[in-house]
Amino acid sequence: MSVKKCRASRLLGAGLLLLLLPNCGGSGDRPAGGDAQTVSVTPVDRHPALETVEFRPVGLTWLDDATVAVLDRDDQQIVALGLEDGSQRRAAGRGGGPGELESAFMLLSDGAGGLIVGDMKANRVSRFDDELAFVESARVPSLPVGLLSWRDGQVVAVWMAFKMSDAPSFEPTVGAIDFASGEAREFFSLFDESSGLSAPETDNPFAPPYISAVMNDDGLILAGQSMEYRIVAIDTAGTLQAIIGRRQMEPEYLSEEQKAAERARLGRAVDRRGPPPPGMQPMMEEALEAPRPFFGPGAFSLDAAGRLWVITERTSENATEVDVFGPEGDYLQTLVLADRVTALAFRGDMMAALVARTDPEIEGVAGIDLYRLEE
């Protein structure tokens, strides 16, 4: 079953980090051979202003061939960034009124230069046109955690729906919101027994149900939860079509050296921003001992050829491993990209990456990197 359609010095450094790993520790997960086609990435110049940005961005998508969009999480604004001229164009802003945002973390291109924005606190999705002017909003039944597709006036999304059972819980649910009628139609829960995914442990606060999902051109939803490397392909009727991923990879734990590096990083953050809230430090220590998620929320993206890219949590001090799967679901390769990659977006043969810099002088400051895909 096919899953298809289912600083100049920094650029040099990024190029040196683009190491193609033929196998990355997953027993039984060999790169596909034969006719499978791998891809390499080459750093491309973008305006120096995008080496770092002065705000905290989340989300990433393309608006046109020379512009990407992100969200300013503090000011709750959409920010269009010019890759060639370093320009910034802003829209929306903090508030609860029409065209305003309260807790927006996710963006989706409408394919025509406009955007769909998911607002978690307001439980709604809002549409902005190609001038980033507000058009309309619609309510989401519960907390939206992913935007998958915009088609025919409807946005396909993932939200956390409350489920009554012996142990009431919130479950990631896929459905569609119609802007014209304001109605939401539920398709299925990603934790249904037939979905192929397992619900995370309810008694382990550090086994978070991070959900990552995308929708391909065939209307298949590719979804996974972060504590297992199983990615399912499900149609909108909730029928499981395929299971891919790197299922033989065992949960990983931080080494003592990695724990020390993470404590040092957190210590530097405390020096810059002040101490964490009371009780947070023990929780952070406990998290260092817990199994590492395989990937975080928003880790999945599709390129123009239908390949699935997964931003993994397998990071070093200054690089991130990204797994690539072919259109048929076969594991192709692992690429290592500079810094801590938090989002990827594709347009033709171009890939934009939103990263948190790892250079000690600018650690944690975000920037945009640009790459060209080469077969």
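These legends go with a handful of close-up views of the structure.

The model is predicted, so local features need pLDDT of at least 70 and side-chain atom pairs count only at pLDDT 80 or more, while totals for chains, interfaces and linings use all residues. Residues are numbered from 1 along each chain as its sequence is written, and side-chain values use heavy atoms, with hydrogens and water left out.

**View 1. Helix α2 from end to end.** Helix α2 covers residues 256-273, 18 residues in total. From first C-alpha to last it reaches 25 Å, close to the 26 Å expected at 1.5 Å a residue (the expected span is 1.5 Å times one less than the number of residues). Helices here are DSSP runs of H or I with at least four residues, strands are runs of E with at least two, and both are numbered from the N terminus. Just after α2 comes Gly274, with a positive phi of about 100 degrees.

View 2. Which residues of α2 are buried? They are Lys259, Glu262 and Ala269. These three sit on the same side of α2 because they cover an arc of only 80 degrees around the axis (the arc is that of the directions from the helix axis to the C-beta atoms). On the face turned away from that buried side, look for the exposed residues Glu256, Glu257 and Asp271. Buried means under 20% relative accessible area, exposed means over 50%, and partly exposed is in between, using a 1.4 Å probe and protein chains only. Ala260, also in α2, counts as partly exposed at 43% relative accessibility.

View 3. The structure holds eight aromatic pairs (ring centres of Phe, Tyr or Trp, the last by its six-membered ring, within 6.5 Å; planes under 30 degrees apart are stacked, over 60 edge-to-face, the rest tilted). Tyr229 and Phe295 make an edge-to-face pair, at 5.9 Å centre to centre with 70 degrees between the planes. Tyr229 is in the loop between β16 (221-225) and β17 (230-234) and Phe295 is in strand β19 (residues 295-302), so the pair ties together parts 66 residues apart in sequence. Tyr229 counts as buried at 2% relative accessibility, and Phe295 counts as buried at 0%.

**View 4. Inside the largest cavity.** The largest cavity holds about 60 Å³ of space. Its lining is made up of Met249, Glu252, Arg292, Pro293, Phe294, Glu313 and Arg314. By type, that lining divides into three nonpolar, no polar and four charged residues. A cavity is a set of points on a 1 Å grid over the protein atoms alone where a 1.4 Å probe fits but cannot get out, and lining residues have an atom within 4 Å of a point.

View 5. Ala92 is not a glycine, yet its phi is positive, at about 65 degrees. Ala92 belongs to strand β6 (residues 88-92) and is partly exposed, with a relative accessible area of 29%. Asn123 has a positive phi too, near 50 degrees. Asn123 sits in the loop between β8 (115-119) and β9 (124-128) and is buried, with a relative accessible area of 19%.

Note on methods. 1 Å grid on protein atoms, 1.4 Å probe; cavity = no way out; pocket = protein on both sides within 12 Å on 5 of 7 lines; lining within 4 Å. Points joined across faces, edges and corners; volume = space filled by probe spheres on them. Nonpolar A, V, L, I, M, F, W, Y, C, P; charged D, E, K, R; others polar.
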